Amino acid sequence: MSKMETKTYAGISEEFAKLVHAKIVLIPVPYDGTSTWQKGADKGPNAFLNASENMELYDIETDSEVYRQGIYLTEPITVNATPEAMADAVHQETKSYIKKNKFVTVFGGEHSISIGTIRAFNEMFPNLTVLHIDAHADLRKSYDGSTCNHACAVYEASQHTNLIQVGIRSMDIKEKSVMNLDKTYFAYEMAIDDSWMDSAIDQMTDNVFITFDLDAFDPSILPSTGTPEPGGLFWYETLDFLKQVFNEKNVVGFDIVELCPNEVDKSSDFLAAKLYYKMLSYKFQHETIEDDYDNAYDEKPLNNISKFKEENDY
């Protein structure tokens with residue numbers, strides 16, 4: 001797939017879709033090279049964009065039309081010779097738009113694309129928290145002969161950022177040796193104790209990057225994903241959590257991954273479209289269209305990547 005079927009995000013007019021005026025950049029990555037069960041995540045970006053074209057662009061909750069801040073849809077990243085080449089391409093493209101002072105968002109594709117996005121944001125923003133919302137731990141150092149497999153999506157983040165994991169309900173026992181249990185919120189615990197939201201936010205640094213795997217949602221509301229797991233998040237609790245994160249922290253960007261569209265049932269595509277738009281609405285709800293956007297990036301030397309574990313670091 002070399003072209004997206006839509007020319008602008010959500011069919012918005014060129015006035016709001018040009019890079020020079022846009023505060024927001026959307027990078028599609030239709031990649032499905034390492035998924036190990038249901039294939040089809042490479043079709044996720046097109047399904048998401050098609051659903052977005054059929055979505056009302058006024059958000060009732062925030063009383064805003066965030067598309068008017070400007071959303072530039074890039075050409076898709078189609079490098080797929082190896083998982084490593086894909087991750088490098090995502091890394092470089094993401095970083096280039098951060099340097100253009102944009103709020104950069106990425107839509108996959110399977111979760112291995114996040115290896116590239118996290119590298120870029122960690123190089124550009126100090127003391128980065130990666131908020132990983134997912135059914136799966138994704139903490140393997142390597143899988144199927146690659147360190148850029150979807151099962152390894154946040155291993156690097158666990159070593160080089162302040163990683164906080166939310167919604168986890170499927171993992172290999174070996175991943176426990178890498179996981180920070182104090183910063184992991186398991187779905188079975190979240191179901192009976194709603195203090196997890198405040199606890200997770202309290203452990204975040206100021207700069208937060210969100211990587212959102214759609215299989216974090218319960219399959220009753222989002223069945224179209226590569227590896228659905230029972231016992232997931234629901235719509236309004238997820239929005240409540242995200243709204244608090246956006247209000248209390250500086251969310252520097254986000255990606256959404258693992259939409260595996262179903263030709264018969266489009267509801268998952270639409271949920272993904274609404275989630276993306278909601279996250280943008282929360283980010284920009286207090287900014288007027290006339291306000292200049294400053295992502296305040298601060299590029300770090302490549303050898304100055306640190307891990308934030310101590311409570312007094314926040």
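**Ground rules.** This is a predicted model, where local features need pLDDT of at least 70, side-chain atom pairs count only at pLDDT 80 or more, and totals for chains, interfaces and linings use all residues. Numbering starts from 1 along each chain as its sequence is written, and side-chain values use heavy atoms, with hydrogens and water left out.

**Strand β4.** I found 6 of its 6 residues buried, meaning under 20% relative accessible area with a 1.4 Å probe, protein chains only. L128, V130 and H132 sit on one side, and T129, L131 and I133 on the other.

**Partners.** I checked pairing next (at least two DSSP bridges between two strands). β4 runs parallel to β7 (residues 207–213), with 6 bridges, and V130 is opposite F209. It also runs parallel to β5 (residues 162–168), with 5 bridges. The chain gets from β4 to β5 through helix α5 (residues 155–160), in a right-handed β-α-β crossover: with strands pointing away from the viewer, the path from the first strand over the helix to the second runs clockwise.

**F212.** Which residues is F212 in contact with, leaving aside neighbours within four places in sequence? I get I133, F217, T238, L242, D255, I256, V257 and L275, with contact being heavy atoms within 4.5 Å.

Note on methods:
Buried means under 20% relative accessible area, exposed over 50%, partly exposed in between (1.4 Å probe, protein chains only). Helices (H or I, at least four residues) and strands (E, at least two) are DSSP runs, numbered from the N terminus.
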